[in-house]
Amino acid sequence: MNPPDPQLMTHSESAWLVTLTTPALAAAMVLVTALLLRRPLLRLAAGARSRAGRSHNRHGVPAGPDPALGWVPDTIAPERLVALCLGLALVLAIGLALVAPLGLALLLGAPLTILAGWGLLAVAERRYATRLDAELPAALGRLSALLKGGTSLRPALERIVAELPPGPLRAEWSFLITRQGTPLGGGAIATPQQVLMALADQTPSRRHATLLNHLGAAVPQPLDVLTRRCEAAYAALQAAERRRDEVATELAQVRYSGLAVGMAGIGMAAYLAWSQWERVVAAYSTPLGALVGLLVLGALCLPIAGGLLLARVDDIDY
């Protein structure tokens, strides 16, 4: 079932109603499917977020941490993820149905929606880690001061968590407090070192994971060793922030160049499509043409993605 050609219609002024039949049918099928499968989709979204959280195993342990010490970062709510994916599925179904048969549009839209969902998870996780990294230096400075004053680790964490605003760092440091003493699978009790290492394996922030590994190695030692570790980590975080600002300024040109080249290409492609719309529809209305169109769109977006990726700065040295 190919989209009809409005020029072949007897009443061309109302041909757009016939042309939109296939996209409307595709949108209706997507909405009905989402309505019938709303609960499985929510479970799937929650499972995908949980699997994304377990993928940060930095110690190479196949089984990961003990189930009692499991942690799933609140990067994005499953309901919001499903709603965003549903919106993307509708846009893809309508767009593909305009240039391809209904069956092919739905067939191509499903994997593209899944890829977009994983992309949304990655973006949400990145935003979570960025916010955590921004809150970490000040909290670590406060922790160093409390340890230097003779306060042990748990009371110091409790005082800092009580002062922190709601956010990723408060949630993760609350995990460090509440999971100490939790019964584990083998009948043992979770020690502070085990809780620190478990969170280091599961946090999306590499910088926070590095800090937790340092603290986990120093917790069994005397308090002055832990204090010196925290002071060294705080000084290194401040130096890393200075380096990050300097490098980000130098790499800003890379980001702007990628954006300029990508937007110029998209602008020229949009102008050609507007000025020669009949040829564009004829070229991309076949199944092969739809795939080629997606490749062309990806090639136009590559300079933008490259500029953004090359301009990223990641410094976790301590």
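Is Phe175 buried or exposed? Phe175 is buried, at a relative accessible area of 2%, where buried means under 20%, exposed means over 50% and partly exposed is in between, with a 1.4 Å probe and protein chains only.

Before I go on, two notes on the source. This is a predicted model, in which local features need pLDDT of at least 70 and side-chain atom pairs count only at pLDDT 80 or more, while totals for chains, interfaces and linings use all residues. Residues are numbered from 1 along each chain as its sequence is written, and side-chain values use heavy atoms, with hydrogens and water left out.

Now the overall picture. The protein has 12 helices and 0 strands; helices (H or I, at least four residues) and strands (E, at least two) are DSSP runs, numbered from the N terminus. Of its 318 residues, 35% are buried. The accessible surface is about 17800 Å², and carbon and sulfur atoms account for 67% of that. These areas come from the Shrake-Rupley method with a 1.4 Å probe, and for residues only the protein chains shown count as cover. Take contacts, meaning heavy atoms within 4.5 Å. Among those between residues at least 6 apart in sequence, 71% join residues at least 24 apart.

Back to Phe175, by way of the aromatic pairs. There are 2 of them in the structure. Rings of Phe, Tyr and Trp (for Trp, the six-membered ring) pair if their centres lie within 6.5 Å; planes under 30 degrees apart count as stacked, over 60 as edge-to-face, and the rest as tilted. The ring of Phe175 pairs with that of Trp71: the centres are 5.4 Å apart and the planes stand at 55°, so this pair is tilted. It links distant parts of the chain, since Trp71 is in the loop between α3 and α4 (78–99) and Phe175 is in helix α7 (residues 168–178), 104 residues apart. Trp71 is also buried, with a relative accessible area of 15%.

The other pair is Tyr271 with Trp274, also tilted, at 6.2 Å centre to centre and 40° between the planes. Both residues lie in helix α10 (residues 223–275), 3 residues apart, about one turn of the helix. Tyr271 and Trp274 are both exposed.

Next, the interior. In soluble globular proteins, nonpolar side chains tend to be buried together. A nonpolar core here is a set of buried Ala, Val, Leu, Ile, Met, Phe, Trp, Tyr and Cys residues joined through side-chain atoms within 4.5 Å. The largest has 36 residues, and the members that touch the most others are Leu143, Trp173 and Leu176. At least two residues of this core come from each of α5 (102–148), α6 (153–163), α7, α8 (192–202), α9 (206–218) and α10. Helix α5 gives the most, 8 residues. Leu176, leaving aside neighbours within four places in sequence, is in contact with Leu157, Val195, Leu196, Leu199 and Leu212. Apart from this core lies another, of 9 residues, including Val30, Ala93, Leu96 and Leu102.

Which residues does His208 touch, not counting those up to four places away in sequence? They are Leu132, Asp133, Leu136, Leu169, Glu172, Trp173, Leu199 and Thr203. His208 is in helix α9 and is buried, with a relative accessible area of 0%. Ala129 and His208 are 79 residues apart along the chain, and their C-alpha atoms are separated by 8.7 Å. Ala129 itself lies in helix α5 and is buried at 7% relative accessible area. Beyond four places in sequence, Ala129 touches Pro204 and Ser205.

Arg179 sits in the loop between α7 and α8. With 24% relative accessibility, Arg179 counts as partly exposed. Not counting residues up to four places away in sequence, Arg179 touches Ala68, Leu69, Gly70, Ala190 and Val195.

Last, the surface. Val32, Leu36, Leu37, Leu41 and Leu44 make a nonpolar patch of about 460 Å². Helices α2 (21–36) and α3 (38–54) are the elements that give two or more residues to that patch. Patches are made of residues with over 30% relative accessible area and no salt bridge, with like charges joined within 9 Å and nonpolar side chains (Val, Leu, Ile, Met, Phe, Trp, Tyr) within 5 Å. A salt bridge is a side-chain nitrogen of Lys or Arg within 4 Å of a carboxyl oxygen of Asp or Glu. Val32, in helix α2, is partly exposed, with a relative accessible area of 47%.
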